[in-house]
Amino acid sequence: MVMSQLQQTMATLRLSLVEIQNKEKQLDSMISQFRTQLRRLPRQVVYGKTPLDTSLSAMGEIEERLSDALATRRRLLTIKKAATDELAALESVKQVDEARQSLSKLKRQILVSGEDEETATEIRRLEQFIAQH
């Protein structure tokens with residue numbers, strides 16, 4: 001993957017993750033609101049502010065909305081995990097590519113100016129990093 005394509009894909013994933021996080025916050029707020037409503041409705045019946053049948057009906061609707069919001073949040077978290085995993089994989093690809101470029105530069109440097117201990121150590125470190133990733 002060409003580096004600019006890689007960077008563009010990573011930027012797109014980061015933007016998607018921001019959008020996902022905003023949606024997650026919105027869903028969390030809705031879930032909290034629904035739970036608060038479910039806690040308050042029984043008290044309204046007890047104190048005679050709302051008829052029993054109306055409260056039962058409202059509680060059923062709120063429970064359905066809460067259930068839907070929880071399911072949507074669960075699906076959203078699945079997408080978030082996939083996007084996060086993909087971004088991590090692309091960052092690893094980028095790091096390996098950068099390590100290969102550095103390694104290549106160091107090897108050219110050795111041909112021109114000879115090998116010193118510091119350069120040899122850095123070459124070994126980069127080769128190990130590339131092999132691990």
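Tutor: Gladly; contact means heavy atoms within 4.5 Å. This is a predicted model, where local features need pLDDT of at least 70 and side-chain atom pairs count only at pLDDT 80 or more, while totals for chains, interfaces and linings use all residues. Residues are numbered from 1 along each chain as its sequence is written, and side-chain values use heavy atoms, with hydrogens and water left out.

Student: Which residues does E24 touch?

Tutor: Leaving aside residues up to four places away in sequence, E24 touches R73, L76, L77 and K80. E24 itself is found in helix α1, residues 3–46.

Student: Why is E24 called buried?

Tutor: Buried means under 20% relative accessible area, exposed means over 50%, and partly exposed is in between (1.4 Å probe, protein chains only). E24 has a relative accessible area of 12%, so E24 is buried.

Student: And what makes Q101 partly exposed?

Tutor: The relative accessible area of Q101 is 48%, so Q101 counts as partly exposed. Q101 is found in helix α2. Its C-alpha atom is separated by 9.8 Å from that of L126, 25 residues apart along the chain.

Student: What counts as a helix here, and how many are there?

Tutor: Helices (H or I, at least four residues) and strands (E, at least two) are DSSP runs, numbered from the N terminus. By that rule the protein has three helices and zero strands, running α-α-α from the N terminus on.

Student: Which residues of α3 are buried, and what do they pack against?

Tutor: T119, A120, I123, L126, F129 and I130 are buried in α3, and the buried residues of α3 pack against α2 (52–113). As background, an α-helix has 3.6 residues a turn, so residues three or four places apart point the same way.

Student: How does the radius of gyration compare with that of a compact globule?

Tutor: The radius is taken over C-alpha atoms, and the globule rule is 2.2 Å times the number of residues to the power 0.38. A compact globule of 133 residues would be near 14 Å, but the protein has 28 Å. Along the principal axes, its C-alpha atoms fill a box of roughly 90 × 25 × 15 Å.
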